[in-house]
Amino acid sequence: ASGPVKIVLPEEADLLEPCMATRSNIGRIIMQNVSETLTELDVREGKGLMPRLAESWEQKEDGSWRFNLRTGVKFSDGTDFNAKDVKYSFDRVMSDKNACESRRYFGGMNIKIDVVDDTTVDFTVDPVQPILPLLLSLLTIVPEETPMEFVREPVGTGPYKLTDWTPGQQIVLSARDDYWGEKPEVTEATYLFRADPAVRAAMVQTGEADLSPSISQTEATNPATDFSYLDSETVYLRIDHNIEPLNDVRIRRALNLAIDREAFLGTLVPDSAVLATAIVPPPTLGWNPDVKVFPYDPEQAKKLIEEAKADGVKVDTPITIIARTANFPNVTEIMEAIQAQLQEVGLKVELKFVEVAEHEVYYSKPFKEGRGPQLVAAMHDNSKGDPSFSMFFKYDSEGTQSGFSDPKVDDLIARASAAVGDERAKLWSEVIAYVHDEVVADVLLFHMVGFSRVSERLDFKPTMATNSMLQLSEIKIK
Amino acid sequence: MAEHLLEVRNLSVEFHTAAGVVHAVKSISYHLDKGETLAILGESGSGKSVSSSAIMNLIDMPPGRISSGEILLDGRDLLTMPAEERREVNGRRVAMIFQDPLSHLNPVYSVGWQISEAMTTHGLAGSKAREEALRLLRRVGIPEPERAMRKYPHEFSGGQRQRVMIAMALALRPDLLIADEPTTALDVTVQAEVLKLLKELQRETGMAVLIITHDLGVVSEIADRVVVMEKGAIVEAGTVREIYKNPQHPYTQKLIAAAPGKGAMHEPGARAEPLLSVRDVRKTYGSFEALKGISFDLMPGETMAVVGESGSGKSTLARALLRLDEPDSGTALWKGRDLFALSPAELYKLRRDLQMVFQDPTQSLNPRMTVYQLISEAWVIHPDILPKAKWRERVAELLVQVGLSAEHMSRYPHQFSGGQRQRIAIARALALEPQLIICDEAVSALDVSVQAQVIELLDRLRREMGIAFIFIAHDLPVVRDFADYVMVMQQGEVVELGTVREVFDTPRQAYTRALLAASLSPDPDAKAGHLASVPAEAADILIPKRSH
Amino acid sequence: MTLASTDNVIVAEPSFPVRMMRMLLADKFALCAAIFLLVILTIAIIGPPWLGDLATKQNLRGRNLPPFDWTRTWVWWMGADALGRPLFARIIVAAQNTLMVAAGAVILSSVIGTVLGLIAGFSSPRMSQIIMRLADVIMSFPSLLIAVIVLYVLGSSILNLMLVLAITRIPVYLRTTRAEVLEIRERMFVQAARVMGASSKRILFRHILPVVLPTLTTLATLDFAYVMLAESALSFLGIGIQPPEITWGLMISQGRQYLTNAWWLSFWPGLAIILTTMSLNLLSNWMRIALDPVQRWRLEMKGGKNG
Amino acid sequence: MLRFIRQRALASLISLIGLIVMVFFLSRMTGDPAALFLPVEASAEMKEQFRELHGLNDPILVQFARYVGDVVTGDLGESLRKARPALDVVLEAFTWTLWLAVITMTLVTGAAIVVGSLGAFRSGGFFDRLSSMVSLIGASVPDFWLAIVAIVIFSINFAILPTSGTGSVVHWILPIAVLFVRPFGIIVQVVRGSMVSALSSAYVKTARAKGVKSGPIIFIHALRNAMLPVITVVGDQAASLLNGAVVVETIFGFPGVGKLMIDSILQRDFNVVLAAILVTAIAIFLMNVLIDLAYALLDPRIRH
Ligand SMILES: Nc1ncnc2c1ncn2[C@@H]1O[C@H](COP(=O)(O)OP(=O)(O)OP(=O)(O)O)[C@@H](O)[C@H]1O
Ligand SMILES: Nc1ncnc2c1ncn2[C@@H]1O[C@H](COP(=O)(O)OP(=O)(O)OP(=O)(O)O)[C@@H](O)[C@H]1O
Ligand SMILES: [Mg+2]
Ligand SMILES: [Mg+2]
């Protein structure tokens, strides 16, 4: 069947700018619906990287990449899609006339693009970039005519085009007749915005909406409509290794042993959440099944602290947990519980909740001088299938959120980033194990799950990607 | 058996207060016939207002309670009548005019509307009611009645407001008109006008009038019969002449004897060094000149009475002398130093010597302070006068001095009648042992016996302590008894200044003569042709009062 | 010669506290309110040291325990919250912070506002203008926005929260006081005090303030509720008091997400707020009458009947 | 009258300038928009470039001078987030808020006057006790709590009203009902207090002496006199609604200015915050003028 759907989202998009589509509130609406990319990572069936606007690609001898583009593709403004648009889209992202967010994926690289002909484009990257096709799944393609500045009305090659945007109220996408691919069942999608999860859940229940990709755990009680999905978000406490007593590995280990992670499952954290052993979720390349979750062992933790104390480590210094308000469901309760558990083993722990902007000050470098020992509670999202999007930032000496500096880690990350194939997977596994077991870099907690409510008239199962994009073509109408 | 229009039988009213039950009215009975005027005479707090409020069903219950009695109107008891019927009586059969017309008129509606409402309430059509209201306004002598219809109460002078009240009361030609001290707030010329109007209207419509007053002059002017009340009970009743000529009850006798204007006039001695020497004081409000160059001298222990119609600038002068308002120009030398040039610190010292008793005792006493606090405040402000240990004793003394008792100390002002409150205000002024007291209409609100006693008290203070007085009044007999000098003011100017004898016996100005003529004598025999002799120009001076 | 007194016999009035007590006994509602407030006050003082541990001890397996389970000790009678902590104990412990923030903010704003209002109403027109413009600035500044900005700049703590809430409420008192002062200062008894040489300070505080005070008291009690709710709204927006500190407002906003399946989480703290405000209001209405000599008979009459 | 308005406008202009200066500097003390606009992983150069793009690198006084210059020429700047003029964003949201405030306050005032007056007339009676109890509870219920309970009851259990949104008239019922409660509670109390004293005044005695019925005594004689303090409070409450009913807007998905303001400050979208403050402050000024006019209309003594 086919027909319109209504989707209710937690927050409205500020603008519908294709080069900002990696931001979830924008991406959920336009990514692959309005704006398409050359490649696409399939998470639904685990088929890996799939062609989208590029029909095929290959790495040449010199390490550069050649992409063969699809033909007969038209933008929603009627112009034809060709290689020049690809080059322009990339140049636009890198321009200093805007603040395109997707630029960050291409940081530290020198990329030269050659338009070979209308359907062929070459990317020469220095240093050689083994995952360039994956990175290009994040580059939305816009027509050459698009201005450098941010636009509010996106033009793309996707199956839908923007037909109405009443700020504050709704955004409507309608299916295009001249789409190059298969015609989706959803003819029109209306996006509504409600900040309160209870209201979102209620709207699907009362039929005011058909789909709410995120509702709260407490609302998700009806198995017929409510689904949980691993949402690629990983919750952890980033440890600042520079400040005593957290500079002592025994204390870091004790922190890990003191937390009863199991107890959270099914209580404050959904039952289906996964205990984390890495900063990236399981389907990611190089995820290491051999790394084991720290057991809950308060006695051992106490012992380690005693030992450290005996060696003159100032274990009595109050440690501050810095968390972000409303970062994820139950964040206050979870942090309160963790605080209590850490206190249980004899550490002095304070809890401080801050708002986004301030949290960022604690989380990212440069760190404040004269700070005390800190644990920053944060949530990291990587649904892109490769750890490189996480590892450098979180663990490299130069990484903006890295709390420590270890030459071995730096070396491993550099090598893994440059490697391909099985070698790459092996190296990432090594990084993950080393960081977890030897460095005890942080307190990894959970890979979170999200809950969605889907009207019974739809056939749709959310996936790990649902957090950042919601492909209307994946929604079937019963 | 409706032989009387109104018959009050054994009416008792009580109030519940902190100190127990106050029996405000104790089993009183009187009656009133068509076309007759009955005056209820009695000192302040004797229950006059309460008894008439009972007739109008205006007593707040609680705290009040009508504990016994009947009020028969044409033989039907108003107290047991069904509410709806009872309401119909008010306005249609019985109407009332109140003492203070400003607060009794609704400030936010035009007077035309308010008069019409009396009629529309009882079923008259709106347009007819307005026509009738216009006629009434014209009838009570409001100038430019068409325009007046659209004006608001604050835009009228006191006398005019009282006329509006009267027009409103007369709207439905009631059988009975109750007038509760209808002229107390008015100056003599206007008072004469209002009484004249009441009499004329009574003649026209044949209504009965129940007038409440403590002014013997008013009684002799207008009433046929008198009921005298004391402490809630009726002590004597009879015709005006009987009561005046041959009072039986000791209280009545005292009341009649206390009527002012009979004693010998003061003969001021030689004048030497003045205590206060006022020269050419001027004050304007915007473009309006309230004082146009006032000059006079006052010796220690002397009383200067200031008389004149309402709005002539009497209070303004008092306020300027006390520096409550800054005058625009002029000097006032107090023992040689100019009052208007004093610094705040010097002024503070001088405050002790210069006190004031205000016109309205209700407003001039802080409602949240006890009598003790009110009087002793003087010593809080000027701590060197009296050590704290003696305060209680001295307050008691002062209270006795002004005719109250020491037990009143812990009471609040609202628990006193108007006259009692004024005595508290006087006691407060005395607490500072001043050399000059400015009394702005300080005895107008008092009934004659109290008035006489207060005047005598003031006189004694003057003799014994050498206190000088500036005595603002509109009651000429009182002035005659008390003053050494009289200053007559009109429209911000002194029109005549001289000793009492000069002004009363040989008035030089027409205006002064008009004033004297409008003054009412308590003697019923002296009233013949009284009101008729009020010169037209004096009666028509109706200067709008200051707005709220 | 003394004048004849027209008064009835005067009974000696009892002393002030005795009289207040009697008047309180005369008004059953006010009496209950006073007792309730006394209990809350006691709880606020002894709560944290007494039940502090119990109220923070988590038991994740006993979360959202329903209320009215009489088999357990009394702290569990109101049920448990999302971390399995007894709600009764938490409400008792939270009373301290709640009252501190609310009372602190109300007292601070009312005192500052009233003083500024007195000055604005009694001093030179220029001073008055300056103060009024200041009030306008605060007034047209959305209060939640001030709260957010100030809390960012200063950091969120009980004291700062109190300050912020106080700032936003100052204009209300300021305007009310000024308006009343302008009217009262023209009254005759104020003039009379001036004639006696009373200083401006005395006139303001002894004569004018007592007349304004009842209005301000009523305002303040209503504000008490407002402040508790504003604090709760700030928690709702994620910028109010932060755990592990607790207030009733925070408890409501934390319980909000369980509204459909564990109503008691936000119901009890809500009830506590409502009961406290209502008690304050009843008491302030009573006080308005009890402290007004003109109105006092209403209470004394009833007291007389009962006693 | 015109002169009066001009004076008021001038005084308000001073306040407005003070307000803008204060918000400008205070808001810039709350942190760097670059950190918020860009993801945590963004490089330092990217942040630097973002700041450059939006002129955030200049000294704050230069930024202020530029802002003032723009405002004088009627340009309130662009929204950092939305890539559109801040004023457009604000006016759009403000229109919603204005309607919500006007409708709510009209209903509240009407209802509160009736209930408060009747309570005052039989003060101490059953209706009086009941209404002050109800209004007190109303004034002490958290609005977000009320909002969600209302949705659960009326949208889910009875399914008679939509949960949220702005589509049609029925969508307005719940938000208005929730916003109604608190101001109603407060205004009822004020009306009652003011009416009690008006009803005990001398002119009411006069009206009783004229035989006027209870209805007209309450609603014609006493009410108009009692309205002045009521209008002040109505103004205060309306002002707080004009400043945005943040919580209710958040829950009901109402695109009003309150939520916009809070979101914008959370995102450090300074231009929008400033524009919103400017617009609401002007609206509140106009409302105050209206209130003064109402005073004059109600009380002839004020007209002069
Ligand atoms: N509300 C009240 N509460 C207590 N006592 C009252 C009340 N109203 C009147 N009284 C008392 O009733 C008595 C009679 O009062 P009323 O007003 O009738 O006096 P009056 O004769 O009219 O005096 P005045 O000439 O001063 O107006 C007074 O002693 C007064 O104290
Ligand atoms: N503050 C003021 N503003 C404007 N006009 C005023 C003010 N005070 C007094 N006036 C005017 O000054 C004139 C004199 O007033 P004043 O009060 O001195 O009269 P009075 O002689 O005391 O009258 P009464 O006998 O009625 O008390 C009046 O016309 C009054 O309207
Ligand atoms: Mg009387
Ligand atoms: Mg005067």
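Tutor: A salt bridge needs a side-chain nitrogen of Lys or Arg within 4 Å of a carboxyl oxygen of Asp or Glu. Keep that cut-off in mind. The model is predicted.

Student: How many salt bridges are counted between chain A and chain C?

Tutor: One.

Student: What makes the pair of C:R85 and A:E336 a salt bridge?

Tutor: Set the distance against the cut-off. The closest N and O atoms of C:R85 and A:E336 are 2.9 Å apart. The limit is 4 Å, so the pair qualifies. In general, side chains of opposite charge can pair when their charged atoms come close.

Student: How many residue pairs are in polar contact across the interface of chain A and chain C?

Tutor: The rule finds one, with both residues at pLDDT 80 or more.

Student: Which elements of chain A each supply at least two residues to the side that touches chain C?

Tutor: They are α6 (261-264), α8 (331-344) and β15 (349-354). The most comes from α8(A), with six residues. By class, this side of chain A has seven nonpolar, six polar and five charged residues.

Student: How many residues of chain A and chain C are in contact?

Tutor: On chain A there are 18, in contact with 19 of chain C.

Student: What area do chain A and chain C bury between them?

Tutor: About 1,800 Å², with 49% of it on carbon and sulfur atoms. A:T218, A:E333 and A:E336 supply 29% of what chain A buries against chain C, more than any other three residues.

Student: Why is the link between A:D14 and D:K82 called a salt bridge?

Tutor: N to O, the side chains meet at 3.6 Å. The rule asks for within 4 Å, so this pair passes too. The pair crosses between chains. A:D14 lies in the loop between β1 (3-9) and α1 (24-30) of chain A. D:K82 lies in the loop between α4 (60-72) and α5 (86-121) of chain D. Over all chains, the structure holds 69 salt bridges.

Student: How do you know whether chain B agrees with a compact globule?

Tutor: For 548 residues, a compact globule would be near 24 Å. Chain B has 24 Å, so the values agree. Its C-alpha atoms fill a box of roughly 70 × 55 × 45 Å along the principal axes. Its secondary structure comes to 22 helices and 20 strands.

Student: What is the average pLDDT of chain B?

Tutor: It is 82, and 93% of the residues score at least 70. Over residues 528-548 of chain B, the pLDDT is below 50. Beyond near neighbours in sequence, that stretch has 41 contacts in the model.

Technical notes:
Residues are numbered from 1 along each chain as its sequence is written. Chains are lettered from A and ligands numbered from 1 in the order in which they are written. Side-chain values use heavy atoms; hydrogens and water are left out. Contact means heavy atoms within 4.5 Å. Buried area is the accessible area (1.4 Å probe) that two parts lose on being put together, summed over both. A polar contact is a pair of N or O atoms within 3.5 Å; within protein, one must be able to donate a hydrogen and the other to accept it, and residues adjacent in sequence count only if both atoms are side-chain atoms. Helices (H or I, at least four residues) and strands (E, at least two) are DSSP runs, numbered from the N terminus. Ala, Val, Leu, Ile, Met, Phe, Trp, Tyr, Cys and Pro count as nonpolar, Asp, Glu, Lys and Arg as charged, and the others, Gly among them, as polar. pLDDT is the predictor's confidence in each residue, from 0 to 100. The radius of gyration is taken over C-alpha atoms; the globule rule is 2.2 Å times the number of residues to the power 0.38.
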